[in-house]
Amino acid sequence: MTEDLCFFNKDALVIKGPKKSPLLLRLVVVAFAMVCGVYICSICIKQISPHTTAKFLNIRIFDQPCNSSNVEEWEKPYVHYPKPETFSREECACNPVRFFAIFSMQRSGSGWFETLLNSHINVSSNGEIFGKRARRASVSAITQTLDRVYNLDWFSSASKNECNAAVGFKWMLNQGVMEHHEGIAEYFKQNGVHAIFLFRRNLLRRMISVLANSYDKSNKPLNGTHKSHVHSSMEAEVLAKYRPTINATTLIAELKHVDDRATRAIDYFKSTRHTVVYYEDVVGNRTKLKEVQDFLRLPYRELTSRQVKIHSGHLSKQVQNWDEIHKVLKGTQYESFLHLDYQR
């Protein structure tokens, strides 16, 4: 009996083993299938989500190289597709951008010229960004600033952001240009920057404007405020009342110094793509603005400005010691400044 019981128990043990094994395997298989099903369903749900689909599409578009087949071969070094760090250009990511800088001197019409450019829907000219000394302390500081501007990460009231076709700023020759011209010219060549030189032919008129602006800074006749540029004829009339006295002794030397500086600046950047524009030519012939737009390869637009000219009329009415100035310049290479006139 005991032996039978033992045999029975052994047989029972042997029989129970095979019965339990298939059940456990089935459970494992079912559990694995359920986990796989849940995972696959979650992937499918994410992929058909509108948000995720848009995200995937954006990534694919962003990574696609922009097609520049419609750009002439000579122009390719001057065509750029910036990828700003501070915003996305979105649908304008493949719109080509040209880089430029307006080189000028104070009171040469650069403020007016820049407002004209900024009236173009696709142009951003960001003002005198190198007015702050720290930004022009060295070539390294200058190039870091230029990188921000040309990568569209520089924001000002003129910034058009996404759909820029040309981005730049104005740069006075006394703001580090002459001191660091070698490094700047090299940066311009490597990065395909267009240089626009804007000067005045009549340097005597510029001198009068400089002296008048200096007086305005000190005396502020417009309700205690200083204005380098005005937008009404009333304001222009108030500022034009001041008639400076010019130092006749140093006049010739000062005119020559300004003239030489402009000549040297153009020479420093002769190896870069550049153009020279004179304020008087823009005033007297608006087709000059079309030439500038052609230079930057911009779609043509009629450009406008709200700025009003301050000093109008003949120079004899704008200087205290006109007879003395007339006598000093007569018979010199600058005699034409006494007669060269225009209106705006």
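Predicted model: local features only at pLDDT ≥ 70, side-chain atom pairs only at ≥ 80, totals over all residues.

Reply: By class, the residues lining the second largest cavity comprise 4 nonpolar, 5 polar and 1 charged. The residues that line the second largest cavity are Ser124, Asn126, Val149, Leu152, Trp154, Ser159, Lys160, Asn161, Asn164 and Val167.

The structure holds 2 cavities of 30 Å³ or more, and the largest cavity contains about 90 Å³ of space. Its lining is made up of 13 residues, of which Ala212, Asn213, Asp216, Leu239 and Ile310 are the closest to the centre of the largest cavity. Helix H7, which spans residues 203-219, contributes the most to the lining of the largest cavity, giving 5 residues. Sorted by class, the lining of the largest cavity holds 6 nonpolar, 4 polar and 3 charged residues.

For helix H4 (residues 139-150) and helix H6 (residues 181-191), the angle is about 30° and the axes lie 10 Å apart. Because angles under 35 degrees count as roughly parallel, H4 is roughly parallel to H6. The crossing of H4 and H6 is right-handed. On the H4 side the contact is made by Val139, Ile142, Thr143, Leu146, Asp147 and Tyr150, and on the H6 side by Gly183, Ile184, Tyr187 and Phe188. In terms of class, this contact of H4 with H6 has 7 nonpolar, 2 polar and 1 charged residues.

Another pair is formed by helix H9 (residues 251-268) and helix H12 (residues 322-329), whose axes come within 10 Å and cross at roughly 65°. Since angles of 65 to 115 degrees count as roughly perpendicular, H9 is roughly perpendicular to H12. Leu251, Ile252 and Leu255 of H9 make the contact with Ile325, Val328 and Leu329 of H12. The contact of H9 with H12 has 6 nonpolar residues, with no polar and no charged ones.

Notes. Residues numbered from 1 in each chain as written. Heavy atoms only, no water. Axes fitted to C-alpha atoms, helices over the stretch in contact; angles between N-to-C directions. Helix = DSSP H or I, 4+ residues; strand = E, 2+ residues; numbered from the N terminus. Parallel < 35°, antiparallel > 145°, perpendicular 65-115°, else oblique. Left-handed = near helix turned anticlockwise from the far one by under 90°. Contact = heavy atoms within 4.5 Å. Nonpolar A, V, L, I, M, F, W, Y, C, P; charged D, E, K, R; others polar. 1 Å grid on protein atoms, 1.4 Å probe; cavity = no way out; pocket = protein on both sides within 12 Å on 5 of 7 lines; lining within 4 Å. Points joined across faces, edges and corners; volume = space filled by probe spheres on them.
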